[in-house]
Amino acid sequence: MTGYDDPNGQIPLPTGQISAQAYRRTNAGAAGKFMENNGFGWLLEVNEDEQDQIPLLEELDIDLTDIYYKIRCVLLPLPYFRMKLNIVRESPDFWGPLAVVLAFAILSLYGQFGVVSWIITMWFCGGFMVYFIARALGGDVGYSQVLGIVGYCLIPLVVTSLVTPLFSGYRLLSNALGMFGTVWSVYSAGTLLCVDELQAKKPLVVYPVFLLYVYFYSLYSGV
C-alpha cells in the first residue's frame with residue numbers, strides 16, 4: 001500500500017522487531033563487523049537464555065544440616081539420646097567424612113605435611129579392609145557406607161585431640177584421654193556398622209575397627 005492508496009494519506013511504517021543478532025551486528029563497531037565478515041562472529045555471541053544459578057553447596061551435593069545430624073549421631077551413639085543412627089549408614093556422603101579426616105590430619109601435623117596424605121590413604125585402605133571383612137561375614141554394607149562411617153567416627157578422636165594439649169604436662173592423663181577417644185570412636189563405628197546380620201558377629205567386625213583407630217591415634221600421638 002502506498003500513500004496514495006491510504007485513505008488517510010499516510011504511509012504505514014514497517015512493523016516487526018529487529019532480531020537481537022541483527023541488532024548486535026549493527027552496534028558491533030568496526031572490529032565487530034570485521035570479525036563478523038571473517039567468520040568469527042560466534043565470539044561475540046551471548047547466551048540470552050536465563051539459567052537459574054545453582055548454589056555451590058547444592059551443586060557439590062553438600063547438605064550441612066545432614067552432616068551436622070550425622071556428627072551428632074556419632075558423638076551420641078547411646079540409645080538414650082534416641083538418634084536415628086542408621087542414617088549414617090543408609091545415607092552415606094563423601095564431604096562430611098573427608099572434612100573430619102582432614103581435621104584429624106591437620107591436628108596430627110606437627111610440621112609434617114606428609115602425615116595428611118598418609119592419614120587419607122589409611123582412611124581409604126582401612127575402610128576397604130573393614131568393608132571386606134564385613135562383606136565376608138555376610139553384612140549387607142557398601143564401601144561408601146563403610147568409608148563414611150569410618151570417617152565420621154574419627155570425630156571423638158578430633159575432640160580428644162583438641163583437649164589433650166591442655167594436659168600435656170600430665171602424660172598419664174593425656175594418654176587416658178586418647179584411649180577414651182579411641183574407645184569412643186570404636187563404639188560409635190561398631191554401633192553404626194553392625195547391621196542385623198552382623199549382630200551375632202559383632203566382635204569380629206569391631207576388632208579390625210579397633211586396630212584401625214588405634215593406628216590413627218598412634219599417628220597423632222607419635223607412639
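**Figure 1. Thr182 within helix α10.** Thr182 has its place in helix α10 of this predicted model. With a relative accessibility of 0%, Thr182 counts as buried, since the term is applied to residues under 20% relative accessible area. Leaving aside residues up to four places away in sequence, Thr182 touches Leu157, Tyr213, Val214 and Tyr217.

**Figure 2. The whole chain, for orientation.** Of the 223 residues in the protein chain, 34% are buried. Among contacts between residues at least 6 apart in sequence, 66% join residues that are at least 24 apart. The accessible surface of the protein chain amounts to about 14,600 Å², and carbon and sulfur atoms account for 63% of that surface.

**Figure 3. The largest nonpolar core and its most connected members.** In soluble globular proteins, nonpolar side chains tend to be buried together. The largest nonpolar core of this model has 46 residues, of which Phe104, Leu154, Tyr213 and Phe216 touch the most other members. At least two residues of this core are supplied by each of α4, α6 (95–107), α7 (114–136), α8 (143–152), α9 (155–163), α10 (171–193) and α11 (202–221).

**Figure 4. A network of salt bridges around Lys70.** Side chains of opposite charge can pair when their charged atoms come close. Asp66, Lys70 and Asp93 are linked in a network of salt bridges. Asp66, which has its place in helix α4, meets Lys70 through a salt bridge between their side chains, with a distance of 3.0 Å from N to O. Because the two residues are four residues apart in helix α4, Asp66 and Lys70 are separated by about one helical turn. Asp93 also forms a salt bridge with Lys70, and here the closest N and O atoms are 2.8 Å apart. Asp93 lies in the loop between α5 (86–90) and α6, whereas Lys70 lies in helix α4, so this pair ties together parts that are 23 residues apart in sequence.

Figure 5. Are Asp93 and Lys70 buried or exposed? Both Asp93 and Lys70 are buried, and for Lys70 the relative accessibility is 0%. Asp66 has a relative accessible area of 18% and is therefore buried as well, because the word covers values under 20%. Not counting residues up to four places away in sequence, Asp66 touches Ile87 and Asp93.

**Figure 6. The salt bridge between Arg135 and Asp140.** By the rule used here, the count of salt bridges comes to three, and one of them joins Arg135 with Asp140, whose closest N and O atoms are 3.7 Å apart. Arg135 counts as partly exposed, with a relative accessibility of 41%, while Asp140, with a relative accessible area of 58%, is exposed.

**Figure 7. A nonpolar patch on the surface.** Leu56, Leu60, Phe94, Trp95 and Phe124 form a nonpolar patch on the surface, and together these residues have about 470 Å² of accessible area. One of them, Leu60, lies in the loop between α3 (56–59) and α4 (64–75). The relative accessible area of Leu60 is 39%, so this residue is described as partly exposed.

**Figure 8. Segments annotated as transmembrane regions.** An unreviewed UniProt entry places the feature "transmembrane region" at residues 92–110, 116–134, 146–167, 173–195 and 204–220. In the predicted model, residues 116–134 are 100% helix and 0% strand, and the end C-alpha atoms of this span lie 27 Å apart. Residues 204–220 are likewise 100% helix and 0% strand, with their end C-alpha atoms 26 Å apart.

Note on methods:
Residues numbered from 1 in each chain as written. Predicted model: local features only at pLDDT ≥ 70, side-chain atom pairs only at ≥ 80, totals over all residues. Heavy atoms only, no water. Patch = residues over 30% accessible without salt bridge, like charges linked within 9 Å, V, L, I, M, F, W, Y side chains within 5 Å. Areas by Shrake-Rupley, 256 points an atom, 1.4 Å probe, with all protein chains shown as cover. Salt bridge = Lys/Arg side-chain N within 4 Å of Asp/Glu carboxyl O. Buried < 20%, exposed > 50% of the residue type's maximum accessible area, 1.4 Å probe, protein only. Core = buried A, V, L, I, M, F, W, Y, C linked by side-chain atoms within 4.5 Å. Contact = heavy atoms within 4.5 Å. UniProt positions renumbered as here; feature names shortened; annotations may be inferred.
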